[in-house]
Amino acid sequence: MKIGLVCPYNIAKGGGVQEHVRAQYTELRNRGHVVKILTPQPRDGSAEGMMDDIIFVGGATDFRSPTHTSLQVSASVDTEAIGSILAKEDFDILHFHEPWVPVLSRQVLSRSTSVNIATFHGVIPETLMSKTVIKVVTPYCLSILKYLHELTAVSEPATEYIMSLTDAPVSIIPNGINLSHFKKRGTKNNKIKAILYIGRLERRKGVKYLLQAYKVLCQDVDDVELIIAGDGPDREKLELLAEDLELKNVSFLGYIGEETKLELLQKVAVFCSPAIFGESFGIVLLEAMACGAVTVAGNNVGYSSLMQDTGALSIVNPRDAEDFARRLKLMLEDKDVRALWQTWADKFIEQFSWPRVIDQYELLYESALKKHRK
């Protein structure tokens, strides 16, 4: 098959959608498919030197999302160029990631003669529904539905918005991770007594609640360390909060690369992601599991949907500092609970290996071509 993956974000930047698209590209290519990525040209030249199979369509601009995350998204397109690209490439499948994001997907969809697949990744906070979604996103999203042949989402929470607009079925195909990459040096033994956070330092990630819970935890446990990796608009405020709370053994590392991330995940006893909203899945939780780090996670809809059965032990209300601290202590110190959780996690993560995820996409592509190819 010849497949075009349409990504509305700067493909060179970090982010769950971009990582998904890059991994999907690699796995599909390894299976013999011809794959291209259609994406906006970054403003800063950050995509130079990347894979050869990127087709730049229009340009990108900086955008602050409803969940306060900064992104570079598609802002302009050359409609004549799109027509020429599609005619030249003659894709069997065009796979649109986050097609509701203006403006690239709609311009490509309206000119596509391929079978069009959509994947919805994100959730939209309920508090923003009336102001942002209903006024802006919903009319736009409705305008593209008629061009889409098959709908998918990475999780149940990610289906909710699109299912409010259509009766068409939505297939759940989860995000994937490279298990061999994360497991190759992972070990359950010789973990340091530390809690690790990795991610953006912004309000929705709930790091201030982690600091408050850590303050309570240290009243009972005096030999624990808190490591905070990542950068963002709230970094200075969080560092000041740590000082005001007189916290000990807290380190702010700033942005870290992939190798450092792996090293940290593989040596700490607990990974904590206390996000309060805006999560539809939880790739970072799966990465921590694969590295053998027991996980504590915020009770947002995405994490709660992912962490089922024994994994529900991980879910906590970040705003309740006392309960949060008790859960951290349990996951740090109770050997029986840690062993039970890790046994569950080892089996649970296998379903998210990229080969298994791409198996599902291939089956969908083949079925869609039979049903919809003109």
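Which residue in β7 is the bridge partner of Ala118? The bridge partner is Leu151, and the sections below place this pair in its setting.

## Basis of the report

This is a predicted model, in which local features need pLDDT of at least 70 and side-chain atom pairs count only at pLDDT 80 or more, while totals for chains, interfaces and linings use all residues. Residues are numbered from 1 along each chain as its sequence is written, and side-chain values use heavy atoms, with hydrogens and water left out.

## Overall composition

The protein contains 14 helices and 14 strands. These elements are DSSP runs numbered from the N terminus: helices are H or I runs of at least four residues, and strands are E runs of at least two.

Of its 374 residues, 55% count as buried; buried means under 20% relative accessible area, exposed means over 50%, and partly exposed lies in between, with a 1.4 Å probe and protein chains only. The accessible surface is about 16,500 Å², and carbon and sulfur atoms make up 48% of that surface. Such areas come from the Shrake-Rupley method with a 1.4 Å probe, and for residues only the protein chains shown count as cover. Among contacts (heavy atoms within 4.5 Å) with a separation of 6 or more, 69% join residues 24 or more positions apart.

Strand β6 covers residues 115–120, and because 6 of its 6 residues are buried, the strand is largely enclosed by the rest of the structure. Val115, Ile117 and Thr119 point one way, whereas Asn116, Ala118 and Phe120 point the other way.

Two strands pair if DSSP finds at least two bridges between them. β6 pairs in the parallel sense with β5 (residues 93–97) over 5 bridges, and in the parallel sense with β7 (residues 150–153) over 4 bridges. Ala118 of β6 stands opposite Phe96, and in β7 its bridge partner is Leu151. Together, β5, helix α3 (residues 104–109) and β6 make a right-handed β-α-β unit; right-handed means that, with the strands pointing away from the viewer, the path from the first strand over the helix to the second runs clockwise.

## Loops on either side of β5

Asp90 is found in the loop between α2 (79–89) and β5, and Glu98 lies in the loop between β5 and α3. Asp90 has a positive phi of about 50 degrees although it is not a glycine, and Glu98 likewise has a positive phi of about 50 degrees without being a glycine. Asp90 counts as partly exposed because its relative accessibility is 46%, while Glu98, at 4%, counts as buried.

## The open sheet

An open sheet is formed by 6 strands in the order β11-β10-β9-β12-β13-β14, with parallel pairing. β11 (250–254) and β14 (315–316) stand at the edges with a single partner strand each, so one side of each is left without a neighbour in the sheet. β11 pairs in the parallel sense with β10 (residues 225–229) over 4 bridges, and Ile228 stands opposite Phe252 in β11.

## Nonpolar core and cysteines

The largest nonpolar core has 125 residues, and those with the most contacts inside it are Ile195, Met289 and Leu328. Such a core is a set of buried Ala, Val, Leu, Ile, Met, Phe, Trp, Tyr and Cys residues joined through side-chain atoms within 4.5 Å. Beyond its neighbours within four places in sequence, Leu328 is in contact with residues including Ile195, Leu210, Val270 and Cys272.

The structure holds 0 disulfides, a disulfide being a pair of cysteine sulfur atoms within 2.5 Å. Cys218 is partly exposed, with a relative accessible area of 28%, whereas Cys291 is buried at 0%.
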